[in-house]
Amino acid sequence: MSLEALNERVRNDLTFLSYGGASWVRAKEQAEGHVYDVVIVGGGQSGLGAAFGLLRERISNILIIDENPAGQEGPWETYARMVTLRTPKHLTSIDLGIPSLTFRSWWEAQNGREAWEKLDKIPRGEWMNYLRWYREVLELPVRNEVRLKLIEPAVHAHLENGLMEKNIGIHRLHIEGPDKMNSVILARKVVLATGIQGGGEWHVPSMIADRLPKEMYAHTSEVIDFERLKGKRIAVLGGGASAFDNASYALASGVREAHVFVRREQLPSVNPIRQMEQSGMIERFHALPVADKYQVISHFFKYNQPPTNDTFNRAAAWPGFVLHLHSPWLSVEAKEQGVQVQTPHGQFMYDYLIISTGLLSDPALRPELGLVEKHIARWKDCFQAPEEYRNALLDAHPFLSPGFAMTSRTEQGKQVLHGLFVFNYSALASCGLSASAISGTRAAIPKLVTAIADQLFLDDREDILQQFYTYAEQEFTAVWNPNNVLAE
């Protein structure tokens, strides 16, 4: 099968499912301009999948915005440096159960079934190519190079002035466009499909950020000029998969030595995601009691994800690779000859540091939430965990509904937050592996879409019911005439 034939198959499959029918959502009139029913912030895999899910539900007055150029959404060709995805190739995701939309169908259309059987893991670049195709074949409405600066609920000004106005239901999205001109988009519902860092920020320990000039280090999430590091000695802080990806990438780019420092005595060997993929926990996480959800994610943070065997072996195969176990950094200091790193096992000198210390999730860290974050409930507001597994990082996560909606600390804040949905990594604590892993999107997108559709329906409940009660269009027009009854 060719790619052109697959495209036709996708269109036929969707036609058989009556995809693309007229939207059932009532249009909202606003003097300021057009009101979208849903604006999705982020055009990566989560945002694209969410848009397709909404269109399947006949919610078509939608828009996706993304701050990156077209085809560069997400991490895959910006800061991700793994050779292949870590997710098993057979797991489905944003296809939402449509076989012709799976990565496998796309791959086989170009390479054949035998090539699929031989494929071990999905190459990173090919996953990005699949996402580009997915966006194109579904004709998803994406506006690129548009950055969200601030969410301003229309009800916000009324509440700040001590007024209460019920169900205003509009959010003003202050954006910066490709021409750097500022403008406003109006939306009833807003989905923050903003990826790994979209619920907070990448974390660089203050020991490094406060002590070193920026030209001496970079976080793994940043663009790094590896050409400048050829022949140099670098140190990587962190024991997760990204640390080894970056070490391997650096050595392949000509770095002379790459030393990975891990605080643990041994690298983790257990990947809890593999168990979650098989046990129903990804699909049914929302059904767990709050206490169980907390303990599960606290346990997940304890183990996190180890590097895959091929990732580790690829890095370890380089002559310049060195692994330092049980070696937390006690201090760093800029010297004339480089950066001095102090560990319990001595001092080391490097030309450059790469920091792979993960991220912090907290709505207070997101500038676009500046007007609303004080209302957003966190886990620490809603559940006091026992001391034996309390986790401060988890406590700062937003406390979301099973449908990814923000919840409020106060009664007043409910109006401000109504219509705001979090579909990024910070949803992990409330909704499990969802927008935080490819393996979670298949189960998560229908929950998100259902929650949005339910809100839109209930927001317009009075009008919808009134139209139902007054509906009088005659459908049955046949007339019974007893003289025309057929004789047996």
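Helices and strands are DSSP runs, numbered from the N terminus. In this predicted model, the loop between β1 (35–41) and α2 contains G42. With a relative accessible area of 8%, G42 is buried. Apart from neighbours within four places in sequence, the contacts of G42 are G47, I64, I65, D66 and A193. The C-alpha atoms of G42 and P69 lie 12 Å apart in space, and the two residues are separated by 27 residues in sequence.

Helix α1 covers residues 3–16, 14 residues in total. From the first C-alpha of α1 to the last, the span is 20 Å, close to the 20 Å expected at 1.5 Å a residue. The buried residues L6, N7, V10 and L14 belong to this helix. When α1 is viewed down its axis, its buried residues fall within an arc of 105°, and they therefore line one face of the helix. Their packing partners are α2 (45–56), α3 (103–111) and α5 (124–137). E4, T15 and F16, on the other side of α1, are exposed. Just after α1, S18 has a positive phi of about 55°.

The relative accessible area of D245 is 6%, and the residue is buried. With neighbours within four places in sequence left aside, D245 is in contact with R81, M82, R86 and T311.

Aromatic side chains were considered next. Across the whole structure, 29 aromatic pairs are found. In the pair formed by F300 and F301, the ring centres are 6.3 Å apart and the planes meet at 50°, so the pair is classed as tilted. F300 and F301 are both buried. One aromatic cluster is made up of Y19, F52, F103, W106, W107, W116, W127, Y130, W133 and Y134. W116, a member of this cluster, also has a charge over its ring: the charged end of K89 sits there, 4.7 Å from the ring centre. A further arrangement of this kind involves K214, whose charged end sits over the ring of Y217 at 4.6 Å from the ring centre.

The cysteines were examined for disulfides, for which the two sulfur atoms must be within 2.5 Å. The number of disulfides by this rule is zero. C382 takes part in no disulfide, and the nearest cysteine sulfur, that of C431, is 13 Å away. Seen from C431, the closest cysteine sulfur is that of C382 at 13 Å, so the separation is too far for a bond. C382 counts as partly exposed because its relative accessibility is 38%. C431 counts as buried because its relative accessibility is 10%.

Key:
Residues are numbered from 1 along each chain as its sequence is written. This is a predicted model: local features need pLDDT of at least 70, side-chain atom pairs count only at pLDDT 80 or more; totals for chains, interfaces and linings use all residues. Side-chain values use heavy atoms; hydrogens and water are left out. Buried means under 20% relative accessible area, exposed over 50%, partly exposed in between (1.4 Å probe, protein chains only). Rings of Phe, Tyr and Trp (its six-membered ring) pair if their centres lie within 6.5 Å; planes under 30 degrees apart count as stacked, over 60 as edge-to-face and the rest as tilted. A charge sits over a ring if NZ of Lys or CZ of Arg is within 6 Å of the ring centre and within 35 degrees of the ring normal. Helices (H or I, at least four residues) and strands (E, at least two) are DSSP runs, numbered from the N terminus. The expected span of a helix is 1.5 Å times one less than its number of residues. The arc is that of the directions from the helix axis to the C-beta atoms. Contact means heavy atoms within 4.5 Å.
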